[in-house]
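Here's a quick tour of a fold, from its aromatic rings to its sheet and a helix pair. Have the viewer open and follow along.

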Amino acid sequence: MFDSAGADHKRQLQELGIFHDVAKALTSSLNLDSILQTIMEKMAEYFRPDTWSLLMVDEEKSELYFAIAVGDAAEALKTVRLKLGEGIAGWVAQHGESLLVPDVYTDPRFAKRIDEMTKWQTRSIICIPLKSKHRVLGVIQLINVDMQGFGGNEMLLLQALADYAAIAIDNARAVEKIQELTITDDCTGLYNARHLYKTLEAEVYRSTRFGYEFSILFLDLDHFKSVNDTHGHLVGSRLLAEIGYAIKAHLRLIDYAFRYGGDEFVVLLPQTSKESALVVARRLRDVFRNEYWLKPEGLNLNVRASMGVATFPEDAKSSHEIIRQADEMMYAVKNTTRDNVSVARQGMLT
């Protein structure tokens, strides 16, 4: 009797300790990976599965991917995806209900291909959905837990930890959305001028430390005012959005595109020499020369751009100076030919 009461008391203290650690992680950090790692580690410490994982829902593709995986199969699982409804985890994600399967080989929902791919042997699975506002965000999966003594109280503890994980994901996404709003231009969806200088400072520091070059392109649309005067500001805004999208589409993934203000855009090309930057500038110049904008509206507007190019550290030693140099080059085009590119220390392109 005493031994049973002592064991229950020890378990209650352990559960309180878990909740304390998880609550502390939730209130002391906005780092989602850190919080989820804490939750999953505490869960594993208590239930001692052979391996465990957190699968997140990719709503666009209606798939699950392994956000966190622990154990011998972790590396192999990085590229694995499950369709919603596939396997036990897929079923849980699709239906939003927890599943406890003591013997997976008696359950037709079990996806054998994952074991075949990872060379793992799954005997039992416990899957808990992470739900927020009637949406399933992901699934926590515990593999090969000792089912002896696993009952309703243990399932309640798992569900509570899953709820904590869902709260952490929701909070992180809300913070991410707020951060995006503060650095993103409403009209074009590109980064705004405030974020430009913050990014530039970081790039100046990085390039100085490691001896890299980077280049800046400063673009100003030619005769944009006539578009607003002729077609109205709503059409002008749609034109800016379409042009912003096109600029970004013609850059590398590591490049940055910003709306500087009005009809001015800035492109930051990390680890890019002047020669390589000119390739990008010519490409964008040709896009403007050949593209007709707002075709769905039946307008077919051909808008050109004046561009300036400057390279760090050849043409400037600070973030403000590199912008000023590229801006001056842009105005050299704007005040003469328009529809061309001027390069710091080199002049106009032919």
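Rings of Phe, Tyr and Trp (its six-membered ring) count as a pair if their centres lie within 6.5 Å; planes under 30 degrees apart are stacked, over 60 edge-to-face, and the rest tilted. By that rule, ring pairs link Y46, F47 and F150 into a cluster.

Before going on, some bookkeeping. This is a predicted model, where local features need pLDDT of at least 70 and side-chain atom pairs count only at pLDDT 80 or more, while totals for chains, interfaces and linings use all residues. Residues are numbered from 1 along each chain as its sequence is written, and side-chain values use heavy atoms, with hydrogens and water left out.

**Aromatic pairs**

A search of the whole structure turns up ten aromatic pairs. Here are two of them:

| Pair | Centre to centre | Angle between planes | Geometry |
|---|---|---|---|
| F47 and F150 | 5.7 Å | 50° | tilted |
| Y191 and F258 | 5.8 Å | 40° | tilted |

The pair of F47, in helix α2, and F150, in the loop between β6 and α6 (152-183), links parts of the chain 103 residues apart. Helices (H or I, at least four residues) and strands (E, at least two) are DSSP runs, numbered from the N terminus.

Y191 in strand β7 (residues 191-192) and F258 in strand β9 (residues 256-261) sit 67 residues apart. Y191 is partly exposed at 31% relative accessibility, whereas F258 is buried at 0%.

**The sheet**

Strand β5 (residues 125-132) pairs with β6 (residues 135-143) over eight bridges. I128 has I140 in β6 as its bridge partner.

**A helix pair**

Helices α8 (residues 224-231) and α9 (residues 233-249) pack at about 135°, with axes 7 Å apart. Axes are lines fitted to C-alpha atoms, for helices over the stretch in contact, and angles run from 0 to 180 degrees between N-to-C directions. The two helices α8 and α9 are therefore oblique to each other: under 35 degrees is roughly parallel, over 145 roughly antiparallel, 65 to 115 roughly perpendicular, and the rest oblique.

Definitions and conventions. Pairing = 2+ DSSP bridges. Buried < 20%, exposed > 50% of the residue type's maximum accessible area, 1.4 Å probe, protein only.
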